[in-house]
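Colleague: I would like to learn how to read the features of a model like this one. Could we go through them one at a time?

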Amino acid sequence: MADGSVDILKDARAKAYATPLAELNPAQPALFESNTMWPYFERLRKEDPVHFTAESEYGPYWSITKYNDIMAVDTNHQVFSSEPGITIADQDGEEGPLPMFIAMDPPKHDIQRKTVSPAVSPANLQILGPLIRERAAKILDELPIGEEFDWVDKVSMELTAMTLATLFGIDQKDRRKLTYWSDVVTAVPGHGLIDTIEEKMQIFLDYHAYFTELWNQRVNADPTGDLISMLAHGEATRNMSPREYFGNIVLLTVGGNDTTRNTITGSVLALNQNPDQYKKLRENPGLIPSMVSETIRWQTPLAHMRRRATQDFEFGGKQIKEGDKVVMWYVSGNRDDEVIENPDSYIIDRERPRQHISFGFGIHRCVGNRLAELQLQIIWEEIMKRFPDIQVVSEPKRVYSTFVKGYESMKVVIPSRI
């Protein structure tokens, strides 16, 4: 199965290279939905790695497209601030963007992050591991054989929602609410899930009410190891405003849901598109950890993070002005052939498979990165025990977003069990 139509990609390449460089705008959700953004980033890496787009639906912004430049921006929070938000789209409502620790700079960022990080500590992952494995086994054992089904819905969403519900300490019967709310957070009105921004705000009221009730329960109970209890009892977070608490819930919901589920789906797709690599994995299941890292690079489940310049600053020979929006395109950095050999190829036994920037870098490196890897590793260990093959039967439906690089659905057939 080709990754998108060859003709569509050819047309996208022609358009990307025909557009005057000054007008090149990779931040178009339609490009990500059709998986045709690659030539735009390829051209920017070659011709203008620090690129200014004067006009877009998100306003003017800089694109940082090369691996080392992205690292330089991501590790310089003095010049490139995470405040007031981390996506190219501005989140300005009546009260401004929701505060959350990923959209904060030190010292406040460090203190809040430290409050929740025990939930994904190595010790806690050792406790979570057997539970994730038990759930993964049950999910896989209930899949139909010889019948077409949606892998995203039946597997990727299920496992990640179950894990996230456990982290929040909520009832498993509510796990799909987390999936739904996470999707609503990043959804573009008019593209399937919601029609208007008003509808989105209405759903947010339910989302907010649900987690406010949980806060009230946990703050009046003895501390436990779940994320909400940690926030309610943490010295640095127990007096946070309701908006700041909700902002952090939004961050933890999207971070714990979208990234892992899209990489689980991406792993099945990548192995189907590269049957030689699938064969390699079957012959040597010991490659699973390496395959997981390669998939996280290849998928890049969050396409970008945005920063704001705190001062005039020369970068890559360009003059970035104070207040400018600076977008680090992780999806492009992970395909930089000056750093990663043969980056467009999916190679599960790469020499350095962990060399990628899908989790970000510096102080904002994804707090749950090890949990994401653990879930992927476990699901594949369990898949390999059960199924000789998973066949993707049609082009997946991708998300309309410049931020979440993911899948709405992907139809597969499992021909037989082992």
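Colleague: Where does alanine 54 lie?

Modeller: This is a predicted model. Alanine 54 sits in the loop that joins E1 and E2.

Colleague: How does alanine 54 count, as buried, partly exposed or exposed?

Modeller: Buried needs under 20% relative accessible area and exposed over 50%. Alanine 54 has 45% relative accessibility, so it counts as partly exposed.

Colleague: Which residues does alanine 54 touch?

Modeller: Leaving out residues up to four places away in sequence, alanine 54 touches Gly59 and Pro60. Asparagine 25 is 29 residues from alanine 54 in sequence, and the two C-alpha atoms are 8.8 Å apart.

Colleague: How do E1 and E2 pair?

Modeller: Strands of a sheet pair through backbone hydrogen bonds, and the sense is either parallel or antiparallel. Here E1 and strand E2 (residues 61–64) pair in the antiparallel sense, over four bridges. One of the pairs is threonine 53 with tyrosine 61, its bridge partner in E2.

Colleague: What is the order of the strands in the open sheet of five strands?

Modeller: The order is E1-E2-E8-E5-E3, and the pairing is mixed.

Colleague: How many bridges join E5 and strand E8?

Modeller: E5 and strand E8 (residues 325–329) pair over five bridges in the antiparallel sense. Arginine 306 has valine 327 in E8 as its bridge partner. Strand E3 (residues 80–81) also pairs with E5 in the antiparallel sense, over two bridges, and phenylalanine 80 stands opposite alanine 309 in E5.

Colleague: Is strand E5 mostly covered or mostly uncovered?

Modeller: Strand E5 (residues 304–309) is mostly covered, with five of its six residues buried.

Colleague: What is the order of the strands in the sheet of three strands?

Modeller: That open sheet has the order E4-E12-E9, with antiparallel pairing. Strand E4 (148–150) and strand E9 (391–392) are at the edges with a single partner strand each, so one side of each has no neighbour in the sheet. E9 and strand E12 (residues 411–413) pair over two bridges, and valine 392 stands opposite valine 412 in E12. Helix H7 (residues 151–168) lies across E4 and E12 and runs at about 45° to E4.

Colleague: How do the axes of helix H13 and helix H15 cross?

Modeller: A pair of packed helices is described by the angle and the distance between their axes. For helix H13 (residues 288–299) and helix H15 (residues 369–386), the axes come within 9 Å and cross at roughly 125°. That angle makes H13 oblique to H15. The crossing is right-handed.

Colleague: Which residues of H13 and H15 make the contact?

Modeller: On the H13 side they are Ile288, Pro289, Met291, Val292, Ser293 and Ile296. H15 contributes Glu373, Leu376, Gln377, Trp380, Glu381 and Met384.

Colleague: Which residues have the most contacts inside the largest nonpolar core?

Modeller: They are Trp151, Phe168, Phe211 and Trp380, in a core of 76 residues. Helix H11 (residues 242–273) gives the most to this core, with 11 residues. Another core, of 22 residues, lies apart from it and has Val50, Met305, Ile320 and Val339 among its members.

Colleague: What does phenylalanine 168 touch?

Modeller: Not counting residues up to four places away in sequence, phenylalanine 168 touches Leu178, Phe211, Arg218, Asp226, Leu227, Ile228, Ile249, Leu252 and Thr253.

Colleague: What is the phi of threonine 300?

Modeller: Threonine 300 has a positive phi of about 45°, although it is not a glycine. Its place is in the loop between H13 and E5. With a relative accessible area of 1%, threonine 300 is buried.

Colleague: And what is the phi of asparagine 342?

Modeller: Asparagine 342, also not a glycine, has a positive phi of about 50°. Asparagine 342 is in the loop between helix H14 (330–333) and H15. At 44% relative accessibility, asparagine 342 counts as partly exposed.

Note on methods:
Residues numbered from 1 in each chain as written. Predicted model: local features only at pLDDT ≥ 70, side-chain atom pairs only at ≥ 80, totals over all residues. Heavy atoms only, no water. Core = buried A, V, L, I, M, F, W, Y, C linked by side-chain atoms within 4.5 Å. Buried < 20%, exposed > 50% of the residue type's maximum accessible area, 1.4 Å probe, protein only. Contact = heavy atoms within 4.5 Å. Pairing = 2+ DSSP bridges. Axes fitted to C-alpha atoms, helices over the stretch in contact; angles between N-to-C directions. Parallel < 35°, antiparallel > 145°, perpendicular 65-115°, else oblique. Left-handed = near helix turned anticlockwise from the far one by under 90°.
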